[in-house]
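Student: Can you walk me through a structure? I'd like to ask things as we go.
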Amino acid sequence: MKKILSIIGARPQFIKAAAVSREIGRRKGLTEVIIHTGQHFDHNMSQVFFEQMQIPEPVYNLGIHSLPHGAMTGRMLERAEEVMLKEDPDWVMVYGDTNSTLAGALAAKKIGLPVAHVEAGLRSFNMTMPEEINRILTDRIADLLFCPTQTALDNLEREGFDHFDKRVLLTGDVMYDAYLHFSDLRKAPTGLKLPDKFGLVTLHRAENTDQPETLKQIVEALNEIAEELPLVLPIHPRTFKVINHSKLPAMSNKILVIEPMSYLEVLYLLEKCFLVLTDSGGLQKEAYFAERPCITLRTETEWTELAEAGYNQVAGTRKEAIIKAFRGFVRKKPEFTSGLYGIGNAAKMIADAFLQPEL
Ligand code: UD1
């Protein structure tokens, strides 16, 4: 029996783990122990995902959150090491690009444990993003890299990964697996009166929320768009804090600002919305799965295939550019074809990989 110790801590990782942990749970030769670092801790940023998506309860919750990057990563590193020494797993598995990802991977390698990275090879080529640093370092030390796209595989090749002693596998995207599994279970948010036609907005990236001028441009663009298309904004706690404490232009009353939603509620909002405006990585793909156009409120994306196909306009953060992208999609909605993120068997491929005798 192979023991996998998985480390998760932030919202997008719960969604990915829902797909992968279910598959691991089905395999006779695999057992999983989950560590929750505590990075996300509000009920609707964390617990609700475990409840609705039947993710196995974490055996350990490290309770580490609301700290500067160094302190957060450092404490996670220390506590994760203690758990790893106690559990002595065959593999440590980390997801994505958060501080929890890097801390988990580094803790494991420091004590000689092999690391598997789900969502390997993504790059924004923007070294000011904490997520980009987390990705690059995690990929470099991981032993088994699960790539969601051909672009991710190409990125690793360009960085010389075929010269390193690693296994790199193209699996497709576990978020597509999650979407296929859960989309029939989507759930209307309770007590909300949604406009008939609306745009779905999310905003949480530090490079947007922590730069007053950038945030001002985005809010002004959203206010103007809301005059033509009402918007619904499930607000991330980081953004909520910033908006409440800054001298930004007020948000239009045509923007319905609501609590962070569960995954099943987001799936419902996606199904009902006309388009998506976001700086999230995951939501860009979910918009594509639901065949909704997406405007990315960043200057670059890791999901370049969406932009190349015309499903996603990477608008940047200037007011005029965001509004122009919006007008473009109002004039012409893209024709969607599927297949960019695999066929929905990424989690199966990941579970199978752990069972290969040579690993
Ligand atoms: C983190 C990840 C990012 C991911 C995002 C998904 C890093 C560097 N960033 O960003 O890659 O896309 O999660 O949401 O790891 N907070 C709460 N309640 C919560 C969670 C957070 O109040 O349940 C507060 C924190 O205390 C902090 C702020 O929100 O003040 C930001 O949280 P943090 O964990 O630093 O990063 P995210 O912006 O969520």
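Tutor: We'll look at a helix pair, then cysteines, then some backbone angles. Keep in mind that this is a predicted model.

Student: Okay, helices. At what angle do α1 and α15 pack?
Tutor: About 50 degrees, with their axes 8 Å apart. Helix α1 covers residues 11-26, and α15 covers residues 346-355.

Student: Is that oblique or roughly parallel?
Tutor: Oblique, because roughly parallel would need an angle under 35 degrees.

Student: And which hand is the crossing?
Tutor: Right-handed.

Student: Which residues make the contact?
Tutor: From α1, A19, V20, E23 and I24. From α15, A347, K348, I350 and A351. By class, that contact has 6 nonpolar and 2 charged residues, and no polar ones.

Student: New topic. How many disulfides are there?
Tutor: The structure has 0. Take C273: the nearest cysteine sulfur belongs to C294 and is 9.3 Å away. A disulfide needs the sulfurs within 2.5 Å, so C273 is in none.

Student: Is C273 buried or exposed?
Tutor: Buried, because its relative accessibility is 4%. C147 is buried as well, at 0%.

Student: Where is Q54?
Tutor: In the loop between α2 and β3. Q54 counts as exposed, because its relative accessibility is 65%.

Student: What about phi at E291?
Tutor: Near 60 degrees, again a positive value in a residue other than glycine. E291 sits in the loop between α12 and β12. E291 is partly exposed, at 41% relative accessible area.

Note on methods: Residues are numbered from 1 along each chain as its sequence is written. This is a predicted model: local features need pLDDT of at least 70, side-chain atom pairs count only at pLDDT 80 or more; totals for chains, interfaces and linings use all residues. Side-chain values use heavy atoms; hydrogens and water are left out. Axes are lines fitted to C-alpha atoms, for helices over the stretch in contact, and angles run from 0 to 180 degrees between N-to-C directions. Helices (H or I, at least four residues) and strands (E, at least two) are DSSP runs, numbered from the N terminus. Angles under 35 degrees count as roughly parallel, over 145 as roughly antiparallel, 65 to 115 as roughly perpendicular and the rest as oblique. A crossing is left-handed if the near helix is turned anticlockwise from the far one by less than a right angle, and right-handed if clockwise. Contact means heavy atoms within 4.5 Å. Ala, Val, Leu, Ile, Met, Phe, Trp, Tyr, Cys and Pro count as nonpolar, Asp, Glu, Lys and Arg as charged, and the others, Gly among them, as polar. Buried means under 20% relative accessible area, exposed over 50%, partly exposed in between (1.4 Å probe, protein chains only).
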